[in-house]
Amino acid sequence: MKKNFFVKITLLALLVSLFTPHSAAQTQVTEFNPGISANGVNYALPKTVLKVDVSAIKVTYTPGEFARYADRYLHIGGVSGEPSTTWQTTNLAVYQEGTPDTLKVFTVKLKDKTVAPMVQLTKSGVLVAVNTKADVNEHAVPDPRTVSHKLNACQYLTEDILTATSTAKMAELTAQEILDIRESKNAIKRGQVESMPKDGASLKIVLDELNAQEEALTQLFVGTADTTYMTKTYAITPTADIDKQVLFRFSQKLGFVDADDLAGEPFYISLRDLHTVVLPSEKELAKRKIEGLVYNMPSMAKVTISTMSSTLYEKELPFAQFGTIDMLSPTLFNKGVTTKLTLNQATGGIQHLEQ
């Protein structure tokens, strides 16, 4: 959700008193009709957008120069000599946001001789508060980041290693260097060296340096694995029930792929309107008049995200488009009454009402 802003009417009246017949000192709320509606503040009620943030880790393995000698000289088995990339999902975050519903846009007409309240809209024009401030959540998706664990082993190669005439000999001498480093660390820890570090801080510095040397040289055998962390967002604005629709596909080798790419495992979304709000009939809708501040009455829906083998997420959530609208009593905004109202930014439903 983009940054919200405030509209405060100071010269003309806004929304202190809502429409009541024969009262010229009150503010009228009407359906918005571009080019026809009288001057006023336009606001929209939201449709509910369901968003799913899928976090994943990509591990890129690069084999070491001496990978084939890891078992022979260091007794490290199972080291691959081929580069590889693997992916795995780590988390699903499900949340809701609101987008303006073009069928639910209204105009607050301005009248003289009324007190000016404060109206808080989102950047896109969705009403979220009257006479108070609403906490509008801004959901930020982190940028991809890669953590590299590769160290510079070249700086620790001795002259004998560098002048060796074959890769096998270089590997053998490097392995011996690793074993010598381990022996040095053990001797220091046992206090068996002639020039021991004078204090604990100095000891730590020496051991840290030896550990870095050992790790860098060992990478020449076992290779390195760079880790990339990324999050991809999928959005859906439902208008009816959904039965196991492919939300996205994910491959352990390729990562996120298109929904129709069979190389990836499907992740399904299902949504079922629970009809927790009684909808007005067509006859009732035809008779309905806008005589107050309009807000949404969302209906609950059951959301399920699953794979072919398991359910990953299941929860009941409110959706504006499955419900209906209603109006607040005009008396709540009579002159001399400071009614504070906040609406849910994703559903347009009443979140808090205080007189």
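Leu-151 sits in the loop that links β7 (145–147) to α2 (159–162). Helices and strands here are DSSP runs numbered from the N terminus: helices are H or I with at least four residues, strands are E with at least two. This is a predicted model, in which local features need pLDDT of at least 70 and side-chain atom pairs count only at pLDDT 80 or more, while totals for chains, interfaces and linings use all residues. Residues are numbered from 1 along each chain as its sequence is written, and side-chain values use heavy atoms, with hydrogens and water left out.

Which residues does Leu-151 touch, once its neighbours within four places in sequence are set aside? They are Ala-212, Glu-215, Ala-216 and Gln-219. A contact means heavy atoms within 4.5 Å. Take Gln-219 from that list. Leu-151 and Gln-219 are 68 residues apart along the chain, yet their C-alpha atoms are separated by 7.8 Å. Leu-151 itself is partly exposed, and its relative accessible area is 34%.

## The whole protein

The protein has 355 residues, and 41% of them count as buried. Its secondary structure comes to five helices and 15 strands. Now take the contacts between residues at least 6 apart in sequence. Of these, 76% join residues at least 24 apart.

## Helices α3 and α4

Helix α3 covers residues 167–190, and helix α4 covers residues 200–222. Their axes come within 10 Å and cross at roughly 155°. Axes are lines fitted to C-alpha atoms, for helices over the stretch in contact, and angles run from 0 to 180 degrees between N-to-C directions. The two helices are therefore roughly antiparallel. The cut-offs are under 35 degrees for roughly parallel, over 145 for roughly antiparallel, 65 to 115 for roughly perpendicular, and oblique for the rest.

Which residues of α3 and α4 make the contact? On the α3 side they include Ala-171, Ile-178, Ile-181, Arg-182 and Ile-188. On the α4 side they include Leu-203, Val-206, Leu-210, Glu-214 and Phe-221. By class, this contact has 12 nonpolar, five polar and five charged residues. Here Ala, Val, Leu, Ile, Met, Phe, Trp, Tyr, Cys and Pro count as nonpolar, Asp, Glu, Lys and Arg as charged, and the others, Gly among them, as polar.

## The five-stranded sheet

Five strands form an open sheet in the order β10-β9-β11-β12-β13, with antiparallel pairing. Two strands pair if DSSP finds at least two bridges between them. What are the edge strands? They are β10 (255–257) and β13 (311–327), and each pairs on one side only. Neighbouring strands in this sheet are turned by 30° against each other on average, direction ignored.

Strand β11 (residues 265–273) and strand β12 (residues 294–306) share six bridges and pair in the antiparallel sense. Ile-269 stands opposite Ile-305 in β12. Tyr-268 has Ser-306 of β12 as its bridge partner. β12 also pairs with β13 in the antiparallel sense, over 12 bridges. In that pairing Ile-305 has Tyr-313 of β13 as its partner. β12 and β13 form a hairpin, with four residues between them. In a regular strand, side chains alternate between the two faces of the sheet.

Strand β5 (residues 118–121) and strand β6 (residues 127–130) run antiparallel, joined by three bridges. Gln-120 has Ala-129 of β6 as its bridge partner. The two strands form a hairpin with five residues between them, and Gly-125 in the turn has a positive phi of about 95°.

β6 is also joined to strand β14 (residues 340–343) by two bridges, and these strands run antiparallel. Val-130 stands opposite Leu-341 in β14.

His-75 has a positive phi of about 55°, although it is not a glycine. Where does His-75 lie? It is in the loop between α1 (70–74) and β4 (84–109). His-75 is exposed, at a relative accessible area of 66%.

Lys-244 is not a glycine either, and its phi is positive, near 50°. Lys-244 belongs to strand β9 (residues 242–251). Lys-244 is partly exposed, with a relative accessible area of 46%.

Definitions and conventions
Buried means under 20% relative accessible area, exposed over 50%, partly exposed in between (1.4 Å probe, protein chains only).
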